[in-house]
Amino acid sequence: MSSSQSPVKPRLAASERLQNVPPYTLAKVFQDRDEKLRQGVDVVDFGVGNPDIRPPQLAIETLQAALVDPRVQNHRYPSFNGLPEFRAAVAGWYGRRFGVSVDPEREAIALVGSKEGIAKFFLAHLNPGDTILLCTPCYPAYLGIAALAQVRVVEVPLTAAHQFRPDLSAIPDDEARRAKVLFLNFPNNPTGGTETAEVYDQVLEFARRYDLFVVSDIAYCDLSHESSYRARSFLQHDRDRERTLEFHSFSKSYSMQGWRLGFAAGNADIVANLARIKSNMDFGVFMAIQRAGLAVLNGPQDYCADAAKLYRRRGEAFLKAIAPLGYPIELPRATLYLWLPIPRRYTKSLQFTTELLEATGIVVAPGSGFGQAGEGYVRLALCADEARCREAGERIARAGFSF
């Protein structure tokens with residue numbers, strides 16, 4: 001080799017962590033949707049939980065004021081754990097909403113959406129090969145983040161037979177002893193399943209017996225469809241924050257998904273670890289957005305109740321339209337989703353998803369993307385107005401997709 005030549009390095013390959021992540025299940029669905037849109041098809045998109053309603057006016061006005069406020073330079077670098085005022089608002093919200101005491105200095109942290117916090121929880125507390133117990137079907141980000149962190153996932157199925165609540169007795173003893181963390185999400189995405197005080201008492205006793213940490217995700221806690229149901233916080237049970245971290249988001253209750261704002265509250269040591277990893281990976285949330293968020297937390301909560309009523313009407317309109325098709329489904333008690341069993345002639349949810357789009361122009365998410373227990377279902381995100389939800393159901397009925 002001449003002195004002017006140098007060895008050719010191999011092309012930079014994806015890391016083992018990234019190679020460990022399976023293809024995103026919805027990727028093909030979205031490709032097919034986009035192709036239909038290019039063809040001029042009138043697509044009804046129920047694929048992603050992406051609220052179509054405007055955020056609270058209070059959030060918009062507070063953000064606008066914060067952007068031009070000459071007294072406070074909200075455009076500067078924010079602190080890693082959030083404005084003291086924001087964390088105080090989180091603590092105040094917990095006190096009013098759940099009767100739970102949270103120390104805003106040590107037990108609360110602002111997040112760039114709860115997804116960011118969940119990812120950093122994994123990186124800060126779990127090593128490759130560690131075992132976790134994950135209730136599934138679940139928010140797909142948990143599965144992707146677990147793969148990136150190279151942890152071992154033991155799925156805890158949420159089934160209709162158990163009202164989409166975890167059957168803790170079915171978890172093998174050796175797996176429970178091996179696990180470090182149990183992940184919960186109630187009200188549940190995608191099933192709409194809900195918790196009870198008794199369920200949370202059982203989870204806490206189980207966690208203490210096997211020395212498990214509990215991560216609770218309450219992103220849908222204020223989207224209840226029934227006056228008789230009011231979602232709980234797991235911190236109402238683990239009141240000493242001995243083994244709990246809880247995530248919440250402004251994306252669904254307040255339709256602020258594009259703003260990327262959330263928070264976590266719970267065990268002070270775990271919150272400190274999140275702040276530590278954030279300090280090495282990013283900064284905090286844009287301060288003007290935090291000010292809008294704290295205004296919403298401190299303000300009236302009518303918006304959440306109105307949003308829940310809207311999603312209920314949409315769900316009712318869709319279910320009424322498909323009623324002649326014989327699907328065994330009722331409106332869930334909470335969330336903005338419908339968890340629809342696929343017709344009996346199908347064995348794979350992705351096949352049904354593909355054929356439904358081809359025949360009707362309706363996009364739904366295959367249940368297989370939400371964990372092994374999701375197969376046999378599809379999720380509909382009710383992010384289209386009531387008339388479109390009714391029309392979508394009518395299209396399915398006309399196409400003959402009976403159960």
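**Aromatic rings and the helix beside them**

Mentor: Let's start with one aromatic cluster, formed by F86, W93, Y94, F98, F250, Y254 and F263. Keep in mind that this is a predicted model. Pick out Y254 and look around: leaving aside its neighbours within four places in sequence, Y254 is in contact with P55, P56, W93, V296, L297, Q301, Y303 and C304. Two of these, Y303 and C304, bring us to helix 11, where both are among the buried residues.

Now zoom out to the core. The largest nonpolar core has 75 residues, and those with the most contacts inside it are F46, F86, W93, Y94, Y254, F318 and Y327. Helix 11 gives this core its largest share, eight residues. There's also a second, separate core of 33 residues, with L158, A179, V199 and A207 among them.

So what does helix 11 look like? It covers residues 302-322, and at 1.5 Å a residue its 21 residues should span 30 Å; the end C-alpha atoms are 31 Å apart, which agrees. Its buried residues also include A307, Y311, R314, G315 and F318. Covering the buried residues are, among others, strand 9 (337-341), strand 12 (377-381) and helix 13 (386-399).

Five bridges join strand 9 and strand 12 in the antiparallel sense, and L338 stands opposite L380 in strand 12.

Back to the rings, then. The structure holds 27 aromatic pairs. In one of them, the ring centres of F46 and F318 are 6.2 Å apart and the planes are at 90°, so the pair is edge-to-face. This pair links distant parts of the chain: F46 is in the loop between strand 1 (44-45) and helix 3 (57-68), while F318 is in helix 11, 272 residues apart. Both F46 and F318 are buried.

Y200 lies in helix 8 (residues 197-210) and F234 in the loop between strand 6 (213-217) and strand 7 (244-249), so the pair ties together parts that are 34 residues apart in sequence. Y200 and F234 are both buried.

Key. Residues are numbered from 1 along each chain as its sequence is written. This is a predicted model: local features need pLDDT of at least 70, side-chain atom pairs count only at pLDDT 80 or more; totals for chains, interfaces and linings use all residues. Side-chain values use heavy atoms; hydrogens and water are left out. Helices (H or I, at least four residues) and strands (E, at least two) are DSSP runs, numbered from the N terminus. The expected span of a helix is 1.5 Å times one less than its number of residues. Buried means under 20% relative accessible area, exposed over 50%, partly exposed in between (1.4 Å probe, protein chains only). Contact means heavy atoms within 4.5 Å. Two strands pair if DSSP finds at least two bridges between them. A nonpolar core is a set of buried Ala, Val, Leu, Ile, Met, Phe, Trp, Tyr and Cys residues joined through side-chain atoms within 4.5 Å. Rings of Phe, Tyr and Trp (its six-membered ring) pair if their centres lie within 6.5 Å; planes under 30 degrees apart count as stacked, over 60 as edge-to-face and the rest as tilted.
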